Structures are given as structure tokens and as C-alpha cells.
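Reader: Could you take me through the terms used for this structure, setting each value against its definition?

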Amino acid sequence: MKPLVALVGRPNVGKSTLFNRLTRSRDALVSDAPGVTRDRIYGHCRYGRRDFLLVDTGGLESDVGDGLSGLAAEQTRQAIRDAELVVFLVDGRLGLHPEDAAIAEELRRLEVPVVVAVNKAEDQDPALIAAEFHGLGLGQPLPLSATHGRGVGRLVDLVEERLPPASPEEGEDLPGIRIAVVGRPNVGKSTLVNALLGEDRVITYDRPGTTRDAVHSVLERDGHTYTLVDTAGVRRRSRIKEGLERFSTLKAIQAMEAADVVFLLVDAQEGITDQDGRLAELVMDAGRAVVVAVNKWDGLDEEQKHRARRTLDIKLANVLRFAPMLQISARYGTNVGHLLDAARRVYASFTAELGTNELNRVLHGATEAHPPPYRGGFRPKLRYAHQGAKKPPTIVIHGSRTGTLPNNYLRYLDKTFREAFGLEGTPLRLDFRTQESPYKGRARHKNPPKRVARKKRKK
């Protein structure tokens with residue numbers, strides 16, 4: 001599974017800004033006011049050569065009492081215990097603070113590898129800043145600027161060096177198609193796993209939080225092998241109170257990372273919530289194939305079914321527009337068998353081999369039917385394509401001015417490739433490579449010398 005790296009430090013030192021830059025997102029709130037981040041926020045860092053999970057934490061203070069600040073500090077300490085590495089962020093403008101020394105002492109007691117990063121170091125002497133924070137006794141400090149991105153690449157390189165050696169992905173030796181069953185608490189995940197297995201392998205109880213850890217079960221049916229992973233329910237961060245349940249949420253996210261296919265289970269009777277939408281985004285971030293299973297469908301009347309379909313379209317279809325949706329009843333086994341058929345279909349798309357000749361035929365047909373729009377007086381050119389990776393399928397497209405393609409044209413290309421190759425239930429990544437002009441960097445004369453015509457000699 002991917003290693004976990006925690007960002008810790010005093011309030012308002014720039015942890016959320018650094019988190020957003022490393023994850024290329026805006027998931028963490030950024031403000032000049034201290035204490036904006038209260039809960040832990042997880043994200044995927046794909047900045048360097050090695051992917052890892054990154055967690056943004058609230059400010060860590062030594063004397064916070066029992067209020068919200070105390071709860072935020074406890075969340076931070078739990079993140080440190082879970083992490084393989086800690087990035088300790090300090091403020092280079094304000095200099096060494098007594099709280100920094102207290103946090104450093106606590107990190108030494110927890111015996112976790114630490115990288116000290118000095119933020120807001122732009123326009124300052126790196127040697128002087130590093131010398132000031134060297135007294136923390138946690139190794140050589142690294143100056144950077146999270147706002148401007150300076151030094152962030154060096155930080156990622158240092159994190160990759162300090163992380164434990166890469167181990168096989170969780171479940172690498174598990175047979176068949178690896179399927180993670182995820183959803184909010186008490187939507188019927190364990191009941192669904194038991195229905196697929198045909199036995200009560202997992203404890204079920206009409207109370208949220210019954211499943212604490214990921215449970216693996218191997219299933220063979222119709223000549224196919226599957227590994228089912230029942231995970232703990234992922235609830236809203238504001239409702240996560242117990243340390244054990246926070247760990248269960250992390251295990252659910254890591255189970256998605258190690259899976260081939262995700263069954264996203266939603267409750268038709270309770271309705272589709274914003275948390276279901278957030279879970280759909282986590283599945284997309286993990287880049288896994290997905291099947292949406294709408295559970296407890298049998299208990300709805302026609303009007304409720306119509307309302308549930310509309311809510312599904314609003315809250316899930318925009319994120320998982322490519323995913324098949326099945327209405328099931330885990331309790332009575334209705335349509336449960338069709339989930340495995342859907343899992344095989346989306347897995348085939350997830351691992352699809354896309355031929356280069358066919359990719360270029362589809363690309364040229366798409367650009368001829370609808371050429372890219374002009375931007376800044378120039379039209380982007382998409383020259384050729386090839387497959388860059390599988391799990392999920394990635395199409396590398398080479399051309400010029402590809403960075404100016406609008407989002408609606410990217411959606412058009414996504415839809416065109418999906419229809420051409422019959423891709424279902426899998427994310428499709430388009431990786432654009434812009435080719436530089438062969439004349440770039442060559443010196444040009446603004447006023448080239450004129451040729452002087454030679455006079456003919458008189459005979």
C-alpha cells in the first residue's frame with residue numbers, strides 16, 4: 001500500500017498551501033487566520049517518482065486545553081502515529097519559535113522519521129535560515145516556498161529518500177480480481193459481501209461502525225476468482241471521534257488504492273448524500289474501476305425510485321458518468337450476482353490494451369470532425385497518440401499548444417475514445433505532451449543585413 005506522509009507544524013505556517021501544491025488540488029482551506037484546518041485531510045501526492053498519501057493536519061500546540069484546538073491537536077498526533085514520515089513545517093519569516101522546539105521534542109518522543117521544511121523562505125538567505133532551525137536537532141532544514149513552489153521538488157526528493165523501501169502493493173499476492181466494497185457506515189457492505197459469498201463470513205449488525213478493519217475473502221464462481229475486501233464505513237470527518245475509527249477510515253482509503261475494482265455502495269432509502277459524492281471523488285483520485293451499487297432498492301415505491309434516480313444523476317453521475325449503476329438488495333440477494341458480471345466488464349476496460357494504429361485513427365477522426373478551437377490566434381494541433389499505461393488506461397497525446405485545450409474539448413476526446421474502445425467503468429487519463437518548436441532558442445536578427453548588389457565591371 002502507499003506510504004503515509006503527515007504535514008505537521010504550528011498554526012498558520014503554510015501546511016495547507018503546501019498540501020494543495022503537492023496534491024495539485026484545493027482540498028485544504030487556505031487562510032491567513034490560524035486554526036482553519038481542524039480535521040485531517042487526505043490526498044494523493046503524485047509530484048515525484050513515487051506516489052504516496054499525504055495528510056494535512058491542524059496546528060499542533062502544546063497548551064490548547066480541551067476545546068476544538070485540543071481535538072485538532074489530538075487528530076494531528078494520531079496522524080503522526082499512522083505516518084511513515086513527518087514533514088515538520090516551520091515559518092522562515094518569523095524565525096525559530098518556542099513552540100517549534102516543543103513540537104520537535106514531541107516528535108523525538110514518538111520516534112518517527114522527520115524532515116524539517118522552512119516555509120516562506122523566498123527572498124531570504126537559505127544558509128542563514130537553515131542555520132537558525134538546525135538547533136531543533138532533527139537534521140538539515142530545507143528552505144522552500146509553498147506559495148511560489150520554490151524548493152518543493154527538492155522536498156519531494158528528500159521525502160522519497162527517507163521513506164521506507166517500496167513494498168508490494170497490499171493484496172499483490174491475492175488471487176483474481178481484487179474488489180473493495182466501500183460506502184458510508186450501515187449501508188450494507190458486510191451484508192453484500194456475505195450475499196456474494198453465500199455465507200455469513202463478516203459480522204453484520206444494524207449499527208454503524210461494526211466493521212473496523214478491511215476483511216479479505218476469496219470467492220470462486222463460474223470459473224472466475226475474486227478477492228472481496230469489506231471495508232469500514234467512511235463517514236464525514238466532523239463525525240469521526242474515536243481514534244480507532246479514524247484508523248479504519250485510512251484503511252478503507254488504502255483498500256481502494258490496492259483494489260482493481262471498487263463497489264461503491266449507496267443507500268437508496270436514506271438517499272444519496274454529499275458524503276457519497278465525496279467517496280466517488282476518492283475513488284476517482286485512486287484511479288480504480290468502479291461499479292455503483294444502489295442498495296435497499298426493494299423497499300422503495302415508484303415515486304421514491306424516481307426521486308432516487310434524479311438524485312443519483314445530480315450527485316454521482318457527474319463524477320462517475322462512466323460507471324455502471326445497479327439497483328440491488330443485499331439482504332434478499334436481488335441482482336447481487338450481476339455485480340460480479342459488471343466487475344469483470346469494468347476490469348477488462350481497466351486493463352485494456354489500446355492499439356497505437358487504432359488510437360491514431362480515432363484521434364484523427366475526432367480532430368477532423370471537430371477541430372480544437374482557436375486560443376490566442378492559434379489552433380492547437382494533436383498529431384499522434386499511443387497508450388502510456390494500464391490500470392487505468394492512459395493515452396499519451398503529442399501535439400502543440402495542448403495546454404490551451406478547453407475542458408469541453410477534453411470531455412469530447414474522453415467520450416470519443418470511450419465509445420471507440422468500449423471502455424466502461426474505468427477512469428481514462430489523457431496525458432498531453434507539447435512538442436517544442438525546433439526554432440526555439442535560436443537567435444534571430446530583428447534587422448537582418450541586406451545584401452549589397454555587386455556592380456558589373458565594365459569591359
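Predicted model: local features only at pLDDT ≥ 70, side-chain atom pairs only at ≥ 80, totals over all residues.

Reader: Why is H398 called buried?

Author: Buried means under 20% relative accessible area, exposed over 50% and partly exposed in between, with a 1.4 Å probe and protein chains only. H398 has 13% relative accessibility and therefore counts as buried. Its contacts (heavy atoms within 4.5 Å), leaving aside neighbours within four places in sequence, are K381, L382, R383, Y384, H386, R433 and Q435.

Reader: What makes α1 roughly perpendicular to α5?

Author: Helix α1 (residues 15–23) and helix α5 (residues 152–162) pack at an angle of about 80°. Angles of 65 to 115 degrees count as roughly perpendicular, under 35 as roughly parallel, over 145 as roughly antiparallel and the rest as oblique, so α1 is roughly perpendicular to α5. In this packing, L18, R21 and L22 of α1 meet V152, L155 and V156 of α5.

Reader: Which residues have the most contacts inside the largest nonpolar core?

Author: A nonpolar core is a set of buried Ala, Val, Leu, Ile, Met, Phe, Trp, Tyr and Cys residues joined through side-chain atoms within 4.5 Å. In the largest, of 49 residues, they are V86, F88, L107, V114 and L320. Helix α8 (residues 274–286) gives the most to this core, with four residues.

Conventions. Residues numbered from 1 in each chain as written. Heavy atoms only, no water. Helix = DSSP H or I, 4+ residues; strand = E, 2+ residues; numbered from the N terminus. Axes fitted to C-alpha atoms, helices over the stretch in contact; angles between N-to-C directions.
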